[in-house]
Amino acid sequence: MRFVVLIGATLLSLGAASLAAVADDAALPNGTVSGDTVEKPAENHAQRLDRLFAELKREGNPRAAERIARRIQREWSQSGSASVDLMMEWAQKAAASQKYDVALDFLDQVVTLQPDFAEGWNRRATLHYTMKNYAKSMADIDRTLKLEPRHYGAISGLARIMSDTDRKEAAIDAWQRVLDIYPALRAAQDQLSTLSEEVAGQSI
């Protein structure tokens, strides 16, 4: 990993010996600088996600948690490929216009071109759910969760499929998994409460 140490304009006044010392310090591992100043290395994609998920788990305020969730979703949406990003955008527009077959064609290309991109599988799972292709949606959810086990959106999709197919106990388990990752998600709280009451009523 490459780290860049920014040297302020005040260093321009230092002598040649001082500048050489700064250059030596900048070469230290882990982005550290000896002396009084310590430069922290920039976070990579995985580290940012780890930090954001830790914040999401601790945050009890729904609005603050939603802001963190949006940042996680931005991280998830970064494919690293301009072509894939463009196809994801086209698929979203096609789905919004209910051109589901067109959207599916784009998402098929996304997961073929970039099979390690979890959000590509998740978007296709969502589209299959919209099209009532539950088996295909669950298969894509499984691929999503293999790549990103914390994908609460994919787990939420699984919970909805379980509810739609009258597997309420399995839906409850899925919503509990969502809340373990995103405790302040009100939609998950509401769904869990409703399903729990329905199951309790059936057992009476």
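Reader: Which residues of H8 are buried?

Author: In this predicted model, the buried residues of H8 are Tyr152, Ala154, Ile155, Ser156, Leu158, Ala159, Ile161 and Met162. Against these residues pack H2, H3, helix H6 (118–130), H7 and H9.

Reader: What makes the span of H8 close to the one expected?

Author: H8 has 13 residues and reaches 18 Å from its first C-alpha to its last, which is close to the 18 Å expected at 1.5 Å a residue. After H8 comes aspartate 166, whose phi is positive, near 60 degrees.

Reader: Why is phenylalanine 53 called buried?

Author: Its relative accessibility is 6%, and buried means under 20%, so phenylalanine 53 counts as buried. Tryptophan 76, with a relative accessible area of 8%, is likewise buried by that cut-off.

Reader: How do you know that phenylalanine 53 and tryptophan 76 form an aromatic pair, and why is the pair called tilted?

Author: The ring centres of phenylalanine 53 and tryptophan 76 are 6.0 Å apart, and rings pair if their centres lie within 6.5 Å. The angle between the planes is 45 degrees, and because planes under 30 degrees apart count as stacked and those over 60 as edge-to-face, the pair is tilted. Phenylalanine 53 lies in helix H2 (residues 45–58) and tryptophan 76 in helix H3 (residues 62–76), so the pair ties together parts that are 23 residues apart in sequence.

Reader: What makes the pair of tyrosine 129 and tyrosine 134 stacked?

Author: The planes of these two rings stand at 25 degrees, with the centres 5.7 Å apart; planes under 30 degrees apart count as stacked, so this pair is stacked.

Reader: Which residues touch the most other members of the largest nonpolar core?

Author: Among its 34 residues, these are Phe53, Leu56, Ile72, Tyr152 and Tyr182. The elements that give two or more residues to this core are H2, H3, helix H7 (134–147), helix H8 (152–164), helix H9 (168–181) and helix H10 (186–202). Apart from this core lies another, of 12 residues, including Ala91 and Phe117.

Reader: How do you know that the charged end of arginine 143 sits over the ring of tryptophan 121?

Author: The charged end of arginine 143 is 4.1 Å from the centre of the tryptophan 121 ring, and the cut-off for that distance is within 6 Å.

Key. Residues numbered from 1 in each chain as written. Predicted model: local features only at pLDDT ≥ 70, side-chain atom pairs only at ≥ 80, totals over all residues. Heavy atoms only, no water. Helix = DSSP H or I, 4+ residues; strand = E, 2+ residues; numbered from the N terminus. Buried < 20%, exposed > 50% of the residue type's maximum accessible area, 1.4 Å probe, protein only. Lys NZ or Arg CZ within 6 Å of the ring centre and 35° of its normal. Core = buried A, V, L, I, M, F, W, Y, C linked by side-chain atoms within 4.5 Å. Expected span 1.5 Å × (residues − 1). Contact = heavy atoms within 4.5 Å.
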